[in-house]
Amino acid sequence: MPIVVDEKFGKTARPLTAVDVTFILISYELAQLVAPVFVLPMLTSFGRKKSALIGLGIDALCCALFSLTTFITVGEKFLYYAIAMRLIIGAASALAKTPTGALLIENARKDEFEQVNGIYMACEGVGLTLGPSIYAVLFDFFGFPFTMLIMSLQNILCLIYFAWTVEENLT
């Protein structure tokens, strides 16, 4: 695994180990676990729609920065940088996901509530299941920087669509 990782990330001063890669990957999940506790104050301060847009914007920016700066970050510095960026991306993702479900359900008609909630949960499940596999294939074909740019573009498109189509009822 360290050889494969170094081929994809570029040669580093100290080869990344399987444990290093695990820390990079698990930092996202850790942020997803802890961040929702801090989302509630933002929801009450900014509202659900603005909080989701802030989360998507931070996520898009961090993915783009993560992609661009991997060319200049090497060795130990890359490891710490990658962990920090994945923590921020995970927290931003939690900030975007938490109010999204509430807004979708709130905007559903009463007779469609369960259907909208079911579709949202199914999309979450499919994303969590297939997303890593899809990005692993992209990572294998295109390398890390381009894959992160694809993630950034995906977040920008979601941000634009969300800002354009979702209304927030404050009643």
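This is a predicted model: local features need pLDDT of at least 70, side-chain atom pairs count only at pLDDT 80 or more; totals for chains, interfaces and linings use all residues.
Let's start with two helices. Helix α2 covers residues 18-34, and helix α3 covers residues 36-46. Their axes come within 5 Å and cross at roughly 50°.

Which residues make the contact between α2 and α3? From α2, they are Ala31, Gln32, Leu33 and Val34. From α3, they are Pro36, Val37 and Phe38. And what classes do they fall into? The contact of α2 with α3 has 6 nonpolar residues, 1 polar residue and no charged residues.

Two elements, α2 and α3, each give two or more residues to the patch. Which helix gives the most? That is α2, with 3 residues. Note that Leu33 and Val34 of α2 also take part in the contact with α3, and so do Val37 and Phe38 of α3. What about Leu87? Look for Leu87 in helix α5, which covers residues 75-106.

Now to charges. Side chains of opposite charge can pair when their charged atoms come close. How many salt bridges are there in this model? The count comes to 1. The partners are Glu124 and Lys97. Their closest N and O atoms are 3.9 Å apart. Where do the partners sit? Glu124 is in helix α6, residues 113-142. Lys97 is in helix α5. Helix α7 covers residues 144-165. The two helices pack at an angle of about 135°, with their axes 7 Å apart. They are therefore oblique to each other.

Who makes this contact? On the α6 side, we have Tyr135, Leu138, Phe139 and Phe142. On the α7 side, we have Phe144, Phe146, Thr147, Ile150, Met151 and Gln154. By class, the contact of α6 with α7 has 8 nonpolar residues, 2 polar residues and no charged residues.

Key. Residues are numbered from 1 along each chain as its sequence is written. Side-chain values use heavy atoms; hydrogens and water are left out. Axes are lines fitted to C-alpha atoms, for helices over the stretch in contact, and angles run from 0 to 180 degrees between N-to-C directions. Helices (H or I, at least four residues) and strands (E, at least two) are DSSP runs, numbered from the N terminus. Contact means heavy atoms within 4.5 Å. Ala, Val, Leu, Ile, Met, Phe, Trp, Tyr, Cys and Pro count as nonpolar, Asp, Glu, Lys and Arg as charged, and the others, Gly among them, as polar. A salt bridge is a side-chain nitrogen of Lys or Arg within 4 Å of a carboxyl oxygen of Asp or Glu. Angles under 35 degrees count as roughly parallel, over 145 as roughly antiparallel, 65 to 115 as roughly perpendicular and the rest as oblique.
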